[in-house]
Amino acid sequence: MTTLGFVGLGIMGSGMARNLVDAGHDLVVWNRTREKADAVQGARPATSLTELGWECDIVFVCVSDTPDVESITFGEEGLVDAMGGGTLVDHSTISPLATQELASRAGDAGVTWLDAPISGGSEGAEKGTLAVMVGGDPAALEAAHPYMSAYSSSIVHVGDQPGSGQMAKMVNQALVVVNQLAASEALLLAQAAGLDLATTISAVEGGAGGSWMFSNRGPQMIRRDWSPGFTIDLQQKDLRLVLDTADDLGVPVPGTALVFQLYRALQARGLGSEGNHALVKALEEISGIELGG
Ligand code: NA7
């Protein structure tokens, strides 16, 4: 039986790991804060990254940012060296350029690196309906695919070149935030017009203006429930990557740049741990209109 490992049991990773256990896979887990590893019932918590690396054939990683992936894979405990072979599937959203370097170093140590960022929010991780965009060796993906299906309903191989998956995620994040901006201003418009907000969502979500953000985060926004499916702080980390990548490629991304600045204003107000749909608060400030007000 293939032994799987999962490193990083935050909002996304915990749901994904639970789905792997529910699908009957043998799963070893590790998380910096140990309690989150103990909370995944049916999985075996490892005492160190090294132990996890020794035991596992395929290791999934889902941590915050580029330096975090670097420290887990090539830091003191050296997950990649401990694995010594097999496949590492990085579900974190990190720099495409750094991914190319990490994949090359992993290859030198006999480990195949797939960059496989995810989209679909905490709901997607819980329900097993994430979209995964993958870069790297297609044969390694074919071998990992049956396990990844436990938490994904869409797995697309974007390219053989490491970093291709991360590039596709940049595209995804530009769509996410511009749709979030659209959802925010549309709901404020409905509020100012005196429309019933829930009814308005039902009326328009199936039309040409509908989006995942509008259907999933719109109802949360009108309840003023700012709990995160994805935090503003992590969204900003991704937008920095999008802006840097677009700058390198010479592509103007005015919508993404505007949202970056609006989130910056919310971070300055100490709201970085709220969900990315709290973007509407920046527009409420500008307009003097409050959802549900
Ligand atoms: P969360 O809920 O903030 O979880 C982040 C996870 O990453 C969590 O398990 C953290 O451990 C772990 N982490 C962060 N930095 C490190 C370092 N340096 N070493 C070890 N572990 C670390 O984020 P999400 O689950 O929403 O998102 C994860 C990724 O998916 C991110 O790239 C998104 O853009 C997409 P902790 O529990 O804090 O000890």
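Mentor: Let us start with one term: a residue counts as near a molecule or strand if one of its heavy atoms lies within 4 Å of it. The model is predicted, and local features need pLDDT of at least 70, side-chain atom pairs count only at pLDDT 80 or more, and totals for chains, interfaces and linings use all residues. Residues are numbered from 1 along each chain as its sequence is written, and side-chain values use heavy atoms, with hydrogens and water left out.

Trainee: Thanks! Which residues come nearest to the ligand?

Mentor: There are 21 residues around the ligand. The ones that come nearest are Ile11, Asn31, Thr33, Lys36 and Lys237.

Trainee: What distance separates an oxygen atom of the ligand from an N or O atom in the side chain of Thr33?

Mentor: We look for polar contacts here (pairs of N or O atoms within 3.5 Å; within protein, one must be able to donate a hydrogen and the other to accept it, and residues adjacent in sequence count only if both atoms are side-chain atoms). Asp68 has a polar side-chain atom 2.9 Å from a nitrogen atom of the ligand, and Thr93 places a polar backbone atom 2.9 Å from a ligand oxygen. For the side chain of Thr33, the distance to a ligand oxygen is 2.4 Å.

Trainee: Let me turn to strand β2. How many of its residues are buried?

Mentor: Helices (H or I, at least four residues) and strands (E, at least two) are DSSP runs numbered from the N terminus, and buried means under 20% relative accessible area, exposed over 50% and partly exposed in between, with a 1.4 Å probe and protein chains only. β2 covers residues 26–30. Asp26, Val28 and Trp30 point one way, Leu27 and Val29 the other, and all are buried. The count for β2 is therefore five of five.

Trainee: Which residue of β2 is the bridge partner of Val7?

Mentor: Strands pair if DSSP finds at least two bridges between them. β1 (residues 3–7) runs parallel to β2, joined by five bridges, and on its other pairing β2 meets β3 (residues 44–45) in the parallel sense over two bridges, with Val28 opposite Arg44. The partner of Val7 is Trp30.

Trainee: What is the angle between the ring planes of Phe60 and Tyr151?

Mentor: Rings of Phe, Tyr and Trp (its six-membered ring) pair if their centres lie within 6.5 Å; planes under 30 degrees apart are stacked, over 60 edge-to-face and the rest tilted. The whole structure holds two aromatic pairs. In the one between Phe60 and Tyr151, the centres are 6.0 Å apart and the pair is edge-to-face because the planes meet at 90°.

Trainee: Which residues make up the cluster linked by ring pairs?

Mentor: Phe60 sits in β4 (residues 58–61) and Tyr151 in the loop between α8 and β9, 91 residues apart. Both are buried. The cluster consists of Phe6, Phe60 and Tyr151.

Trainee: Why is Arg105 called partly exposed?

Mentor: Arg105 belongs to helix α6 (residues 96–108). It lies over the face of Phe74, 4.0 Å from the ring centre; such a charge needs NZ of Lys or CZ of Arg within 6 Å of the centre and within 35 degrees of the ring normal. Arg105 is partly exposed because its relative accessibility is 46%.

Trainee: What is the phi of Arg224?

Mentor: Most residues other than glycine have a negative phi. Arg224, in the loop between α11 and α12, has a positive one, near 55°.
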